[in-house]
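Follow the chain through its helices and strands in the structure shown here.

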Amino acid sequence: MKKCIIAPYNKVSILQQPLAPARLPFSIIGRVQTMDMSKIPLLKKIYQNLAPPTRTLLRLIIVLVACIIITAFSLFASFTSFMRQSLVNKSMNDISIVHTGFENMNNTAKSILLTFYYDSRTQQLMDSEYVDYTQIHKALLNVSSYYQHHPYISTYYFINRGTNYVFCNDGAYTMEDFHDQQLLQILEANDRNIKFKPIFRSVLSKSTNTEENVFTYVYFDVYDGQIDPKIIVINLSVLEL
């Protein structure tokens, strides 16, 4: 029978053997190197590779560009604010001019209406119960002077609803035959608030046979809450104002 001989375990020889270096898989090493490289921005790498004088020049360029951008934005903001304020001022000035123009127009219309209403020849004309063409001619000659001083007066009407007559710058009419029926419908409402108030409307011009935009002003007296039958009307041409 053969004997099996077991060699003694040599602890020293095993411990004295040099350890092999630990090797990481290639894929892990590649990931570690990629992560490290990505932490360095490209511009920073380029900047670090520049010479010191070039770095200084680059800093100056960056500061200069930043100053230009900030200045441009400041100028743009200032210009925008200035233009906005200029537009507001112009709008306010235009509104003031329009308001002043309307005030002047209202005052002029009131003055003309009162002058017409209290003129003795106009009163005689409106009080007539029959058409006296000689009287009409005299009254119209008296009124014609207002055309010379106020060219924006398009037409005027002297109305007496009691006698059913309308006298205007182009003749005398009964209320049924009068060409401005729109105005008569406005008067039929017996609205006392239209006195001295501008009414914007379109009327047919007898001279040109075309529509004309006008501001209509009405004046009348009120007795016991009722509108007096004698009414003065003037139409101011919008184009002439």
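N190, which follows helix 7, has a positive phi near 55 degrees. Helices (H or I, at least four residues) and strands (E, at least two) are DSSP runs, numbered from the N terminus. The model is predicted, so local features need pLDDT of at least 70 and side-chain atom pairs count only at pLDDT 80 or more, while totals for chains, interfaces and linings use all residues. Residues are numbered from 1 along each chain as its sequence is written, and side-chain values use heavy atoms, with hydrogens and water left out.

Helix 7 itself spans residues 181–188, and L183, L184 and L187 in it are buried (under 20% relative accessible area; exposed is over 50% and partly exposed lies in between, with a 1.4 Å probe and protein chains only). What do the buried residues of helix 7 pack against? They pack against strand 1, strand 4, strand 5 and strand 6, where contact means heavy atoms within 4.5 Å.

Those strands belong to an open sheet of six strands with antiparallel pairing, in the order 3-2-1-6-5-4; two strands pair if DSSP finds at least two bridges between them. Strand 3 (171–174) and strand 4 (199–204) are at the edges with a single partner strand each, so one side of each has no neighbour in the sheet. From one strand to the next the twist averages 30 degrees. Axes are lines fitted to C-alpha atoms, for helices over the stretch in contact, and angles run from 0 to 180 degrees between N-to-C directions.

Strand 1 is largely enclosed by the rest of the structure, because eight of its eight residues are buried. Seven bridges join strand 1 to the antiparallel strand 6, where V233 is the bridge partner of Y157. Strand 1 is also joined to strand 2 (residues 165–168), again antiparallel, by four bridges, with F158 opposite F167. The hairpin of strand 1 and strand 2 has four residues between the strands, and N164 takes a positive phi near 70 degrees there.
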